[in-house]
Amino acid sequence: MYPLQLSSFTLTTCLGQGLQANREALREERSGLKPCDFESVELETWIGAVDGVDTVQLPAHLGRFDCRNNRLVQMGLQADGFAEQVKRAASRYGADRVGVFLGTSTAGILQTELAYRRRDPETGALPADFDYGGSHNAFSLAAFAREYLGLEGMAMAISTACSSSAKVFAAAARQIALGTIDAAVVGGVDSLCLTTLHGFASLQLTSAQPCRPYDPSRDGLSIGEGAGFALLERAGGAPAGTVMLLGVGESSDAHHMSAPHPQGLGARLAMTAALKAAGLVAADIDYINLHGTATPANDAAEGMAVAAEFGNCVPCNSTKGATGHTLGAAGAIEAVICAMALNDGRLPGSPGTQQLDPEIDLNYAHHGSEAPLKRTLSNSFGFGGSNCSMILGVQA
Amino acid sequence: MSAQPVLKMQAWIDGIGFIAPGMPDWAVASAVLRGEQAYASAPSVLPVPTLLPSAERRRASRVIKLALGLGLEAVAHAGADASTLATVFSASGADGHNCHALCEQLATDDRQLSPTRFHNSVHNAAAGYWGIATRCMAPCQVVGAFDASLGAGLLDAMAQVVCTGESVLLVAYDSEYPQPLFAKRDTPDCAGVALVLSAQPSKNAKAEIQLRTTRAPAAAMADVALEQLRQQVPAMRALPFLQRLARGESGSVVLDYLAPQQIELDITPC
């Protein structure tokens, strides 16, 4: 199944639209987080909001998809010439030979939340302009992206909460291995909404300050929004320096709906499975982009699992202090952060983290540094105990 | 220009679970699909989720009862061990009633949500309860594709079987929204189908299936009420295939997926 090449990739986060804006911010160790001023939300928390989403205009013939989440999809697809790369792949392979696999946790549910404020006072009906399939439904972003890109092949949304857009890489790799498609648009998009801001607050999982992953004073996450995309193709002919997908591992905690297994057993299984899929051992990994949400439980459990699998030598950190936790988009966004690290020979820093929790025995990289990176691992874990680890490398 | 598939998307069906309006399990459904029993629609009967501890059993929502009931029936039919089976859950939506309650509350001034309501709002809530109840740490996939959700689930489940050589439980299900969302998404009731799929034939195998994509039109149901059910519930797009299975017929059948892509299944009874 592996390796596959990431022939194109891009990301849009609160740090900016496209690779260069994100690269510069990560290099400067700048955080994109700000006190929450989203919509009418009055919560003492910080958010990672993408500038300019609200002014994006969808093509007129795709108006039924209009919502904040699909505006962010379009913004993400337009960055770094990604949409053009996909269209070139479609003309090379055929429009029905390029699949679409996108992860999300809440898709365009903000549209429904807003529609519920505009119900007919007599009948309770939702407004006529509200389109469930185009906005609210978990598939809306994949349906929109498929039409926007002019693709006619298979498509699916994967929605396993915060592991969603890591798992899309494995699902696409399986179809390419079986020859049902020749290439795949993989990625994830999640946008700010009331459900997640108030929901994570109800679980007391949001911090009143910018999140501090792996810090002993960490007390919760900062919710972000963003889009990450990659074009996956077979490895044949990939030039030296191309970022490659080497393996993905998936597992389940079987423990609790909203809390990780305290020893990170499921997380470790996912990392082990990723190494096995890639035919690698722990010592082959040069950098780990941790899930690192900055909740006390996640970082403690993940730290234990990473230490058990990798010991305390491999440099690792979480970039969520820069981007916020982009939920269903985090897997794809952090895969692209790893791809940039491999291309640039530079591991990112970890804004927000002042010191490593002394209870966690890891080689935590507080700051970025030049490093000859050959292979990275990225962790993504979600509610329902869904775990996914992804290994990327560079074509020699 | 297009490369031909390099591996056959092939699996053996070891077990089937089924719930739909008027058809509470696979035994009744197969009698209806064979034409031995007339189809009479009636509200779906959702089994008590015996997998869950008693406190959670009482609180379990309709969609959780549906997904767990489907999975349990298929696993029992296959004589499989749920604690080791990889799973693929495929559904157009999550828990519609829970979603309505959240949206209704978020439209008021009191936006302090119930933590349980929030974690039950994720698309993979039913899958999460399944994993916890069966203590299964194998990979769990949760996909959706609106009206094409069944096809999305079949594609990933079959691909997992072929790529890993391990058995996979596919649970494809859909459930209703209350008003006012029902007016925008009119899935009438809970319904779904579960299949235990294996990479090798075994003594439990009921049929061998092979999947490919096609642009051919999908088969319809001759019975008007069953055809209506096929069209109303995304997971029930499987009915023409299930009818072949119930009748023990071999041959190929095309199911609706995502225009212009359709799914063709070749069926060979064991």
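**Entry 1: a residue in chain B**

I started with B:Ala207 and found its place in strand E6 (residues 207-214) of chain B. I kept in mind that this is a predicted model.

Next I asked myself: is B:Ala207 buried or exposed? I counted 23 other C-beta atoms within 10 Å of B:Ala207. The cut-off for buried is 20 or more, so B:Ala207 is buried.

Then I looked up which residues B:Ala207 touches, leaving aside its neighbours within four places in sequence. My list reads B:Ile13, B:Leu245, B:Ile267, B:Thr268, B:Pro269 and B:Cys270. I took a second look at B:Cys270: B:Ala207 and B:Cys270 are 63 residues apart in sequence, yet I read 4.7 Å between them in space, C-alpha to C-alpha.

**Entry 2: where the chains touch**

I moved on to the contact between chain A and chain B. I noted 60 residues from chain A and 60 residues from chain B in the contact.

On the chain A side, I listed the elements that each supply at least two residues: helices H4 (109-115), H5 (132-136), H7 (164-178), H8 (194-202) and H9 (265-278), with strands E6 (155-158) and E10 (243-252). Which element gives the most to this side? I found that H7(A) does, with six residues.

I also sorted the chain A residues that touch chain B by kind, and got 25 nonpolar, 25 polar and 10 charged.

**Entry 3: strands across the chains**

Last, I followed E6(A) over to chain B. I saw E6(A) pair with strand E3 (residues 140-144) of chain B in the antiparallel sense, over two bridges. In E3(B), I found B:Gly144 standing opposite A:Ala157.

Definitions and conventions: Residues are numbered from 1 along each chain as its sequence is written. Chains are lettered from A and ligands numbered from 1 in the order in which they are written. This is a predicted model: local features need pLDDT of at least 70, side-chain atom pairs count only at pLDDT 80 or more; totals for chains, interfaces and linings use all residues. Two residues are in contact if their C-beta atoms, placed from the backbone, lie within 7 Å. Helices (H or I, at least four residues) and strands (E, at least two) are DSSP runs, numbered from the N terminus. Ala, Val, Leu, Ile, Met, Phe, Trp, Tyr, Cys and Pro count as nonpolar, Asp, Glu, Lys and Arg as charged, and the others, Gly among them, as polar. Two strands pair if DSSP finds at least two bridges between them. A residue is buried if 20 or more other C-beta atoms lie within 10 Å of its own, exposed if 12 or fewer, and partly exposed in between; C-beta atoms are placed from the backbone.
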